[in-house]
Amino acid sequence: MNADSQPFRSDEEQLPSFEDLRIHYFSDKSESRKVGRYREYTTKEYAKTALGEIELRQWQDMAEKVISAHHEEALQKQLFEWVQETFPWLHTPSEQRVESLDLHMSRMFDNPLWVQFVPFNQRYRPEVLREVHLVKVKTSCCEGDGVTTKEQVEEAPNRGGTICCPNCGRFSSFEISENAPERETAKAKERGR
Ligand SMILES: [Zn+2]
């Protein structure tokens with residue numbers, strides 16, 4: 001029997017890691033129960049994770065538990081607000097909640113390859129941006145410069161020579177205008193100490 005098809009049972013003793021709860025994909029499952037002479041069918045949504053398939057409602061409870069164990073409720077609030085504002089294709093609060101929890105489990109806010117790494121951290125965690133190599137770029141789609149990460153510039157060959165435009169979010173060809181102004185300032189400060 002496929003172990004993945006078993007419903008996940010949460011072990012109260014051992015808290016999963018963020019990575020354990022990262023969603024690989026979603027799946028739907030139909031369940032039926034007998035109601036009188038008939039069968040009643042309900043569809044439940046599942047999240048496939050490293051721990052197996054977890055019913056979405058249960059996954060959400062587990063994710064929230066992990067977040068509160070790490071005292072990162074404030075960060076989750078920011079991610080939820082961010083998703084509400086910048087993911088227009090997610091309409092319901094419950095879809096937005098699942099997305100913000102999954103971003104949290106994947107720790108996208110610490111990943112310089114995340115296309116929203118710069119704008120999200122600019123707004124909520126500016127200190128993080130002082131630790132990364134930022135690159136000023138000029139994209140073909142928009143006037144003016146924007147800031148992205150060295151990692152996203154290095155990833156461009158795998159994305160057809162494009163980066164996610166810091167101004168409009170489209171994937172566009174680009175030129176580097178300047179390397180890491182913030183970082184240079186930080187280094188200059190260190191040298192001055
Ligand atoms: Zn653009």
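These legends accompany several close-up views of a predicted model.

Residues are numbered from 1 along each chain as its sequence is written. Because this is a predicted model, local features need pLDDT of at least 70 and side-chain atom pairs count only at pLDDT 80 or more, while totals for chains, interfaces and linings use all residues.

**View 1. The chain as a whole, with its helices and strands.** Let's start with the overall picture: the chain has seven helices and eight strands. Helices (H or I, at least four residues) and strands (E, at least two) are DSSP runs, numbered from the N terminus. Of the 193 residues in the chain, 22% are buried. Here a residue is buried if 20 or more other C-beta atoms lie within 10 Å of its own, exposed if 12 or fewer, and partly exposed in between, with C-beta atoms placed from the backbone. Among contacts between residues at least 6 apart in sequence, 53% join residues at least 24 apart. Two residues are in contact if their C-beta atoms, placed from the backbone, lie within 7 Å.

**View 2. The largest nonpolar core.** Twelve residues form this core: Leu-21, Ile-23, Tyr-46, Ala-47, Ile-54, Trp-59, Met-62, Ala-63, Ile-67, Val-98, Leu-101 and Met-105. A nonpolar core is a set of buried Ala, Val, Leu, Ile, Met, Phe, Trp, Tyr and Cys residues joined through C-beta atoms within 7 Å. At least two residues of the core come from each of β2 (38-49), α1 (56-69) and α3 (93-105). The largest share, four residues, is supplied by α1. Apart from this core lies another, of eight residues, including Val-135, Ile-163, Cys-164 and Phe-174.

**View 3. Ala-47 and Ile-23.** Zoom in on strand β2, where Ala-47 is found. Ala-47 is buried, with 28 other C-beta atoms within 10 Å. Leaving aside neighbours within four places in sequence, Ala-47 is in contact with Ile-23, Phe-26, Ile-54, Leu-56 and Trp-59. Ser-27 is 20 residues from Ala-47 along the chain, and their C-alpha atoms are separated by 6.4 Å. With neighbours within four places in sequence again left aside, Ile-23 is in contact with Ala-47, Lys-48, Thr-49 and Asp-102.

**View 4. Helix α1 against helix α3.** Two packed helices are described by the angle between their axes and the distance between the axes. For α1 and α3 the angle is about 50 degrees, and the axes are 10 Å apart. Axes are lines fitted to C-alpha atoms, for helices over the stretch in contact, and angles run from 0 to 180 degrees between N-to-C directions. The two helices α1 and α3 are therefore oblique to each other. Angles under 35 degrees count as roughly parallel, over 145 as roughly antiparallel, 65 to 115 as roughly perpendicular and the rest as oblique. The crossing of α1 and α3 is left-handed; a crossing is left-handed if the near helix is turned anticlockwise from the far one by less than a right angle, and right-handed if clockwise. Leu-56, Gln-60, Ala-63 and Ile-67 of α1 make the contact with Arg-97, Val-98, Leu-101, His-104 and Met-105 of α3. These residues divide into six nonpolar, two polar and one charged. Ala, Val, Leu, Ile, Met, Phe, Trp, Tyr, Cys and Pro count as nonpolar, Asp, Glu, Lys and Arg as charged, and the others, Gly among them, as polar.

**View 5. Helix α2 against helix α3.** Helix α2 (residues 73-86) packs on α3 at an angle of about 125 degrees, with the axes 9 Å apart. That makes α2 oblique to α3. The crossing of α2 and α3 is right-handed. On the α2 side you will find Leu-75, Gln-76, Leu-79, Phe-80, Val-83 and Gln-84, which meet Gln-96, Arg-97, Glu-99, Ser-100, Leu-103 and His-104 in α3. In this contact of α2 with α3, five residues are nonpolar, five polar and two charged.

**View 6. Two loop residues with positive phi.** His-71 has a positive phi of about 55 degrees although it is not a glycine. Look for His-71 in the loop between α1 and α2. His-71 is exposed, with 8 other C-beta atoms within 10 Å. Arg-107, also not a glycine, has a positive phi of about 50 degrees. The loop between α3 and α4 (117-124) holds Arg-107, which is partly exposed, with 14 other C-beta atoms within 10 Å.
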